[in-house]
Amino acid sequence: MQVSLQDGVREELVGISTTFGLLFRTLGQTFMSAIFGAVLSLSTISQLRAPLTNRMINQLTDASTAKSLPATLIPQLRTILFNSLHLIMVIGLGIIICALVINFIRKEPAKQPRGGN
């Protein structure tokens, strides 16, 4: 991707295109991490029923504190965590499919003329 960004611009704009490519990739990673974190939290909270709590889910994700959870509740907690992670994977798959479709239907941009030789 970086090479195609650099190849598609005039020689004097290669540095700018590289910087913008890295900026947008970093911003995309940051936003998607926040979005997936919110989806995980909302999905987990929506599945919790008494006596299960969000604190128990947090304890389950840490091996040192998971031992202190009641053994009878661990299967339910694992199911809730699995369902939440599964939702994130389904959303990620949907995003990947959309990206593939966009890449197949988009037109190749015209290359900018290069100066020099």
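This is a predicted model: local features need pLDDT of at least 70, side-chain atom pairs count only at pLDDT 80 or more; totals for chains, interfaces and linings use all residues.
Is Ser43 buried or exposed? Its relative accessibility is 11%, so Ser43 counts as buried, the cut-off being under 20%.

Which residues does Ser43 touch, once you skip its neighbours within four places in sequence? The answer is Ser84 and Leu87.

With 27% relative accessibility, Leu40 counts as partly exposed. If you again skip neighbours within four places in sequence, Leu40 is in contact with Ser84, Leu85 and Ile88.

Take Leu40 and Leu85 as a pair. They are 45 residues apart in sequence, yet their C-alpha atoms are 6.6 Å apart in space.

## Helix α2 from end to end

Now zoom out to the helix itself. α2 runs over residues 14-47.

The buried residues of α2 are Ser17, Thr18, Gly21, Val39, Ser43 and Thr44. What covers them? The cover includes α1 (2-7), α3 and α5.

## A pair of rings

There is one aromatic pair in the count. Phe20 and Phe24 have ring centres 6.1 Å apart and planes at 20 degrees, so this pair is stacked. Both belong to helix α2, and because they are four residues apart there, about one helical turn separates them. An α-helix has 3.6 residues a turn, so residues three or four places apart point the same way.

## The nonpolar core

Which residues build the largest nonpolar core? There are eleven: Leu48, Leu52, Met56, Ile57, Leu60, Leu69, Leu73, Ile74, Leu77, Ile80 and Leu81. Two elements, α3 (54-60) and α5 (74-105), each give two or more residues to this core. The largest share, four residues, comes from α5.

Not counting residues up to four places away in sequence, Leu77 touches Leu52, Met56, Ile57, Leu60 and Leu69.

Technical notes. Residues are numbered from 1 along each chain as its sequence is written. Side-chain values use heavy atoms; hydrogens and water are left out. A nonpolar core is a set of buried Ala, Val, Leu, Ile, Met, Phe, Trp, Tyr and Cys residues joined through side-chain atoms within 4.5 Å. Buried means under 20% relative accessible area, exposed over 50%, partly exposed in between (1.4 Å probe, protein chains only). Contact means heavy atoms within 4.5 Å. Rings of Phe, Tyr and Trp (its six-membered ring) pair if their centres lie within 6.5 Å; planes under 30 degrees apart count as stacked, over 60 as edge-to-face and the rest as tilted.
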